[in-house]
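I opened the notebook to record what I looked up in one model.

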Amino acid sequence: MHNPYPGGSAQNPLDVLVIGEALVDIVNTREGRISYPGGSPANVAYGLGRLGVPTGLLTAIGEDEHGAAITSHLHSAGVQLLPGSTSLTRTATATATLAADGSASYEFDILWELPPVAPAMIPKVLHTGSIATFLAPGAASVRTLLEQSHDSCLVTYDPNIRPALLGSHAEAQQTFEDLLPLIDVIKLSDEDAQWLYPESSPDDVASRLLNHGARMAVITRGAEGALLATPGARATIPSVKTNVADTIGAGDSYMAALIFELLARGEKAFAPTALGDIGQTAAVAAAITVSRPGANPPTSAELQARLEGLKQQPLAVV
């Protein structure tokens, strides 16, 4: 893995703009209640910042204790909070309850209303996802920003489905598919894919996403690895074995590392020969994250060290 990003600062132009919710995860554990800054888009932005990528987040938080914690958390990774993002009366929360295997279920207290501002610049990559693309009234603003930007930069998307916050299955599926013509790279977990298309295999879901216009479709399957697909190739990437503390932020860490690779490789990222290395980098990032509590993604140094120490695993490219 080559890291071309020495680190973001307020003086650097943004390579990635993330649009979406930031909230506080309140985690109920056997030891008690712990709070972490979170929200899938905010986690992706933080993960990119930890990897040294100049990143900004356009979100909606409140001027309260939770909002201050989120701002401090993002700034610690060099992530810029775009003007207008502190616009709500209170910051959203998600209360997570951990199961014995470390998986989490959530209850949300969230208002999503994106400030009526447009970014002053077009980044190399625009990323969005999760609640921000489904929940009114902010979802309409996100779509407008994608329409304005998708011809000028690479657009990545992780729907990170939260059924408790969605309307009917048919409505949610339609909202999801209406966005796909604006998307270049899309990542779904196997749970997302199963919820959206319960009768389809991961291979079939990947084909469906590509047929809707995506240039790359990624289906992650936890311990079973991941499928990366482009119109010209498919790669099955094994997961990286690790001791699991919890799974909070694993998919977001995977997404951040995926975007990191897309930036580093440019158009070469879509070559059949690149899929294996891209998938392995993302898998290692996710493995580091699940090995420690909360959404705590790797730094570029941690990711580099783990990749160098990892023996090459067989990758099936078809």
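**Entry 1: ground rules.** I noted that this is a predicted model, where local features need pLDDT of at least 70, side-chain atom pairs count only at pLDDT 80 or more, and totals for chains, interfaces and linings use all residues. Residues are numbered from 1 along each chain as its sequence is written, and side-chain values use heavy atoms, with hydrogens and water left out.

**Entry 2: the open sheet.** I looked up strands, which here are DSSP runs of E with at least two residues, while helices are runs of H or I with at least four, both numbered from the N terminus. Two strands pair if DSSP finds at least two bridges between them. I found an open sheet of four strands in the order β3-β2-β8-β9, with mixed pairing. β3 and β9 (104–109) are at the edges with a single partner strand each, so one side of each has no neighbour in the sheet. From one strand to the next the twist averages 25 degrees; axes are lines fitted to C-alpha atoms (for helices, over the stretch in contact), and angles run from 0 to 180 degrees between N-to-C directions. I then checked β8 (residues 93–98), which runs antiparallel to β9 and is joined to it by six bridges. Ala94 has Phe108 in β9 as its bridge partner.

**Entry 3: a hairpin.** How many residues lie between β14 and β15 in their hairpin? I counted two residues between them. Strand β14 (residues 226–230) is antiparallel to β15, and five bridges join them. Ala229 is opposite Arg234 in β15. Buried means under 20% relative accessible area, exposed over 50%, and partly exposed in between (1.4 Å probe, protein chains only). Four of the five residues of β15 (residues 233–237) are buried, so the rest of the structure largely encloses this strand.

Entry 4: On a 1 Å grid over the protein atoms alone, a cavity is a set of points where a 1.4 Å probe fits but cannot get out; a pocket is an open set with protein on both sides within 12 Å along at least five of seven lines; lining residues have an atom within 4 Å of a point. Points are joined across faces, edges and corners, and a volume is the space filled by probe spheres set on them. The second largest pocket holds about 300 Å³ of space. It has 16 lining residues, and the closest to its centre are Thr29, Arg30, Glu31, Leu98 and Ala245. β2 (23–29) and β3 (32–38) each supply at least two lining residues, and β2 gives the most, with three.

**Entry 5: cavities.** I found two cavities of 30 Å³ or more. The largest cavity has about 40 Å³ of space, and its lining includes Asn43, Tyr46 and Asp252. The second largest cavity has about 30 Å³, with Ser130, Phe134 and Arg162 among its lining residues.
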